[in-house]
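Subject: Structure for your review

Dear colleague,

Please find the structure below, followed by an account of what was found in it.

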Amino acid sequence: MKDVIKGNNLKKKYKGFQLDVPELHIPKGFATALIGENGAGKTTLINMLTGIRMDYKGELFYFDEQEQDVDKVKERIGYTGPGNYFLPHWNVKQVEEISSLLFETFDEEKFWDICVELGVTTERHVNGKKVNDLSDGNKVKLMLAAVLARKTDCLILDEPASPLDPLMRDKLCEIIREYLTEGNGEKSVLFSTHNISDMENVTDYAIIVEHGNVVEEGFVEDLKEKYVLVKGEAKDAKAAEKILYSFSGNAYGFEGICLAADLDKLAGMDIQVEVPTLFQISVAVMKANSTLKLH
Amino acid sequence: MKILQNSGVPIYQQIAEQLKEEILSGKLKQGEYLPSIRGLAKDLKISVITTMKAYEQLAEEGLVTAAQGKGFYVNAQDSEMLKEQHLRKVESALLEAIAAAKIAGMQEQELVETLKTLIAMSEDA
């Protein structure tokens, strides 16, 4: 399996927080989701990968370790951030002009096509609103338009779904799938998200981060075999609670996630087993590793 | 192709089953290529890895072969195996019917008569 981005011994220390990722692999040709609580280190990691943050320890390699030239790496990666990185007083037209100065492959016509398609502006080549006057959702769409108008080989999207309405989230999934299809194994996407359910059908690989460490990762289909969703009767709840990763019980029964390898330990209980969703797996893994006690 | 999100059957299995049916029924012919993994994922609005797993399962069952860089093509289907596959399907459907008949309290004779009637009806149609 080739890596679009590979990292070794990535470390970053803040007061009371340390990001420590001995090995990072973002598989080439797939969509990878970065999942984790607020403050887990998702944005710190993304900022390291995109070169926004340079004050860290460790090594990063891009595009099968083939691309060494930093400028070329930046040209080949498209990034959208949380909030917005355009100056607040620019209007849409100015965003177009500046993007086309900054990036060689920026295609003005494509930019306007996407702006109109996503509803950032009603027409092509108009001044449009000032960035500051756009809604949070439209700010994300504007960044997406500027990024998708370029020829890139990797998209890194920090929380793209959060400010978007359900229709646009669906559209975002479509955009990611189209990007992967167009690349036919050569293009990759990395995005961080709290909206796991909305993004599940476009997630190939998942990396779950908790207080600065990768606590679980893998191809989603493999994770769905590694973990199982268990449902059982109230009488077995006490015994099951010790074995399950995440557990919720009431007077009628219980349910929770456990490792498929641990199913033996539940032998003799009257249980039913289902394939969990990525959301259920993520919540279970996060709960097991969280310092918050939300049970 | 129809994909059910909440049927309890994993999505990759649903895809594999439906493609398998097309292969065994001869709709997808020997040597024909399956749709590209990413193209099918896009059309079905599912993730790439799910489609990939479906194709890998078909390859494991010997129905298709992966060609480096070109995708998956349909293998020549052994007619004996094909017959066997269909036979197994008939058996499991009949077993289901027998179980249902038991619950309904149907006698053996009644069940056989029903089957005969149904055969006659489908022949007429």
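The domain bounds used here come from an automatic or database domain assignment. On that basis, chain A is divided into domain 1 (3-211) and domain 2 (223-289), and the C-alpha centres of these two domains of chain A lie 35 Å apart.

This is a predicted model, in which local features need pLDDT of at least 70, side-chain atom pairs count only at pLDDT 80 or more, and totals for chains, interfaces and linings use all residues. Residues are numbered from 1 along each chain as its sequence is written, while chains are lettered from A and ligands numbered from 1 in the order in which they are written.

Between the domains of chain A, 10 residues of domain 1 are in contact with eight residues of domain 2 (contact: C-beta atoms, placed from the backbone, within 7 Å). On the domain 1 side, β3 (31-36), α7 (196-199) and β8 (205-210) of chain A each give two or more residues; β8(A) gives the most, with three. Helices (H or I, at least four residues) and strands (E, at least two) are DSSP runs, numbered from the N terminus. By class, this side of domain 1 of chain A has four nonpolar, three polar and three charged residues. Ala, Val, Leu, Ile, Met, Phe, Trp, Tyr, Cys and Pro count as nonpolar, Asp, Glu, Lys and Arg as charged, and the others, Gly among them, as polar.

Chain B has 14 residues in contact with 16 residues of chain A. Both α2 (37-44) and α3 (48-60) of chain B supply at least two residues of the side that touches chain A. That side of chain B has six nonpolar, four polar and four charged residues.

A four-stranded open sheet in chain A has the order β11-β12-β10-β13, with antiparallel pairing (strands pair if DSSP finds at least two bridges between them). β11 (246-249) and β13 (271-274) of chain A stand at the edges with a single partner strand each, so one side of each is left without a neighbour in the sheet. Strand β10 (residues 227-233) of chain A pairs with β13(A) over four bridges, in the antiparallel sense; A:Val230 has A:Val273 in β13(A) as its bridge partner.

Lastly, helix α4 (residues 108-118) of chain A meets helix α5 (residues 136-148) of chain A through residues including A:Phe111 and A:Leu144. The residues of this contact divide into eight nonpolar, no polar and one charged.

Conventions. Two residues are in contact if their C-beta atoms, placed from the backbone, lie within 7 Å. Axes are lines fitted to C-alpha atoms, for helices over the stretch in contact, and angles run from 0 to 180 degrees between N-to-C directions.
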